[in-house]
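The structure is shown here.

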Amino acid sequence: MTPRKKLEGLVAATVTPMTPDGRINLSVIHQYVDYLVSEQNVKNIFVNGTTGEGLSLSIQERKQLAEEWMCQGKDKLDHVIIHVGALSLLESQELARHAAAIGASGIAVIAPSFFKPTNKDELLGFLQKVASEAPTVPFYYYHIPAMTGVKIRVEELLDGIREQIPTFQGVKFSDTDLLDLAQCINKKEREQFVFLYGVDEQLLSALAIGANGAVGRSVSLELFPLPHTPFCYIFHCL
């Protein structure tokens, strides 16, 4: 991998391959990497996120997947972003340390969704405690309120965030609230932060607003987007 390239354009939200008996299937990841690079021309991936069912996997399974993607992506992928969010702060911190140890390009964290943060300070405190366990690794907030129920606006969260999380780089914005996204992009710090949109169906609108790219499930799957459709064209023009 080529470190410290700007993260932009297409980022594939990877599916976790499974065997028929429900075990993770590490043996096909090398083929998956080759498919993304050769067939989709995608060199950035987001591992163990919603598409990869990360929160349904054990901590050990998540570590094994992260290690295999890093191994198979060496000299082929530009960015391997590992989602390390968990309901448990200690588990999230453990995953962050592991991602740093294996050389991940970045880590992302989702808001805890059972005992939810109720305001910006509580959410920021959780994120800061995870980010501090990987102090040299670029950090991204994974905003997906439809799944977490945490509806704290990202525009509010960004105020002063670098003072709390010096490694903060941007947001995987998986919400349909395009007004919040636009306000984030239009903030004076917009040149410093990356905004990757995560709702495939609204990608064109997000790009028009100024999103830097997309973290998409569609680009990970051979069956969709279909060739010669407008959506396929949008993805391959990023």
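Predicted model: local features only at pLDDT ≥ 70, side-chain atom pairs only at ≥ 80, totals over all residues.

Residues are numbered from 1 along each chain as its sequence is written, and side-chain values use heavy atoms, without hydrogens and water.

A nonpolar core is a set of buried Ala, Val, Leu, Ile, Met, Phe, Trp, Tyr and Cys residues joined through side-chain atoms within 4.5 Å; buried means under 20% relative accessible area, with a 1.4 Å probe and protein chains only. The largest core has 60 residues, and Val84, Leu127, Tyr141, Leu158, Phe168 and Tyr197 touch the most other members. Helix H4 (residues 120–131) contributes the most, six residues; helices are DSSP runs of H or I with at least four residues, and strands are runs of E with at least two, numbered from the N terminus. Apart from this core lies another of 13 residues, including Leu7 and Val215.

There are five aromatic pairs, meaning rings of Phe, Tyr and Trp (its six-membered ring) with centres within 6.5 Å; planes under 30 degrees apart count as stacked, over 60 as edge-to-face and the rest as tilted. Tyr32 and Trp69 have ring centres 5.0 Å apart and planes at 65°, so they are edge-to-face. Tyr32 lies in helix H1 and Trp69 in helix H2, 37 residues apart. Trp69 is buried, at 1% relative accessible area. The rings of Phe168 and Phe193 are also edge-to-face, because their planes stand at 80°.

Methods
Buried < 20%, exposed > 50% of the residue type's maximum accessible area, 1.4 Å probe, protein only.
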